[in-house]
Amino acid sequence: MFRIHNTMTRRKEEFQPLHEGLVTLYSCGPTVYDFPHIGNLRTFLWSDLLVRALRRRGFEVHNVMNVTDVDDKTIAGAEREGMSLGEYTAKYADYFFEDLETLRIQPAWKYPRATEHIGQMLDVIRTLVDKGHAYEQDGSVYFDISSYPNYGRLSGVVPDEHTSREFGRLDSDEYELEDARDFALWKAAGPGEPSWDSPWGPGRPGWHIECTAMAIEYLGETIDMHLGGVDLVFPHHENEIAQSEAATGTQFVRFWIHPEHLIVEGEKMSKSKGNFYTLRDLLERGYDPVAVRHLLMTAHYRKQLNFTLDGLEQSRQALARLWDFADRVAEVPEDAEGVDLSAQVHAALTKFDAGLDDDLNIPGAMAAVFELVRGVNPLLSEARVGAEGRQVLDFLADADTVLGIIDHEKGSVDAEVDALMAEREAARGDKDWARADEIRDELLAQGIVIEDTPTGPRWRRGEWGVSEPHVVRSDACSHASAVVVAGVQATHGQECPCH
Ligand code: AMP
Ligand code: ZN
């Protein structure tokens, strides 16, 4: 039984799709005016994890993610860079798709672009005007929120003060809860702006109507799930509901899912605050994109995640241990004798499934994987894993259909260790003892021991699976599993996955 939190009811609910076996999911996608930052990517990653978890549960998933390629920001950007809107947004859409692939986010079923669906948007707007839910003013069209009595149910906005037309109208797409008013469905073209013909003269769509029109076009009038960052609850999703339900007369979305923000030192990561990293920034600093993926999912989706480079380093180390483990199990000869591992694998699988089914608790599911690694590692070191190791590999492959972090190039951990060893030798040659010691400690933290031999330094794997020297206990939680949050030291504000 898959349960997920619904922002509309503010409860975790059992999920069943409207049409047996098929889940329809719409996720608000990027506005392609710049590189996505890793906060944006975290939200897209949660959409990917949700889809993967549903597919593993046996559902077919039709997931749609829109690409907003016309709005105030894209128009201003194209003008600034002296490009046509199409050229400008194509460039940033390409970067967005590259980043998804780098982060192992599986392609959505469809990625509709706003500029290719102006006709569908005009159809919805026409219906709203015909039904008396929208009105024209100076070549723009506004949604009359007083005509939709349920306005505010998702976000909790109090409509009474805002529901008269005299209160005024909003042309801007983004505004605060206190400013709730009639909002623009269609905006009359400003001088020199890209525009499309409409019954109300040349103009362009407002942001909110894009998602309504494209969701209905590809997924139907009632969709199972709709996902977007928590900042989209108001006004974007509140307005989507009002327009859609006023136009179709039926429920628009059954489950609203809102991942929390990625934060940096207590503040939302955002372009306007300048406190952001793009994926490219991190790759240029030498981080592995899979470590970024791992870090972004170490906090539950309804919890904020504090981003630090330290956390990213810990993710890298956790992956190194995981990959090393998988390589070593794969190397066990097929005819080797070993102990029975079925109880351990079964326990891991049960915990993994329970995590996914409980509001997509990926950190809890990852903890099940790392617990199995810790349990089997001492047996590996003692050469007590035989052909039964196959079961462990099967479980890892199954878990990875959702997690997307375990698959790796064979020997990639060794290559990394070799590179660090070479760097340590160079540091020693330069008499940079501090750096040489730092590298030794870093390797030790991965369970790798350096031995100085007459033929030069060599490394071997220690038995970190038994006692990991760098692991600390989190004060926040008394559970043993809090020691390691999904394989990462619980030192950077993350919570125990068993909560
Ligand atoms: P945008 O390209 O600005 O329209 O945003 C794309 C997605 O990223 C939306 O779902 C936003 O809610 C989400 N988002 C924006 N900032 C953050 C952040 N700091 N952490 C997580 N998601 C974010
Ligand atoms: Zn949207």
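Helices (H or I, at least four residues) and strands (E, at least two) are DSSP runs, numbered from the N terminus. The expected span of a helix is 1.5 Å times one less than its number of residues.

This is a predicted model, in which local features need pLDDT of at least 70 and side-chain atom pairs count only at pLDDT 80 or more, while totals for chains, interfaces and linings use all residues. Residues are numbered from 1 along each chain as its sequence is written, chains are lettered from A and ligands numbered from 1 in the order in which they are written, and side-chain values use heavy atoms, with hydrogens and water left out.

**Exercise 1.** Determine which residues of helix 3 are buried and where they lie on the helix.

*Solution.* Step 1: helix 3 covers residues 85–102, and its 18 residues reach 26 Å from the first C-alpha to the last, close to the expected 26 Å.
Step 1: the buried residues (under 20% relative accessible area, 1.4 Å probe, protein chains only; exposed is over 50%, partly exposed in between) are L85, Y88, T89, Y92, A93, F96, D99 and L100.
Step 2: seen down the axis of helix 3, these buried residues fall within an arc of 125 degrees (taken from the directions from the helix axis to the C-beta atoms), so they line one face of the helix.
Step 3: the face turned away from the buried side carries the exposed residues E87 and E101.
Step 4: the buried residues of helix 3 pack against helix 1 (38–56), strand 4 (60–65), helix 2 (72–80) and helix 7 (279–284), where contact means heavy atoms within 4.5 Å.

**Exercise 2.** Identify the polar contacts of ligand 1 with T31, G229 and D231.

*Solution.* Step 1: a polar contact is a pair of N or O atoms within 3.5 Å; within protein, one must be able to donate a hydrogen and the other to accept it, and residues adjacent in sequence count only if both atoms are side-chain atoms.
Step 1: a polar backbone atom of T31 is 3.1 Å from an oxygen atom of ligand 1.
Step 2: for G229, a backbone N or O atom lies 3.0 Å from an oxygen atom of the ligand.
Step 3: an N or O atom in the side chain of D231 is 2.4 Å from an oxygen atom of ligand 1.
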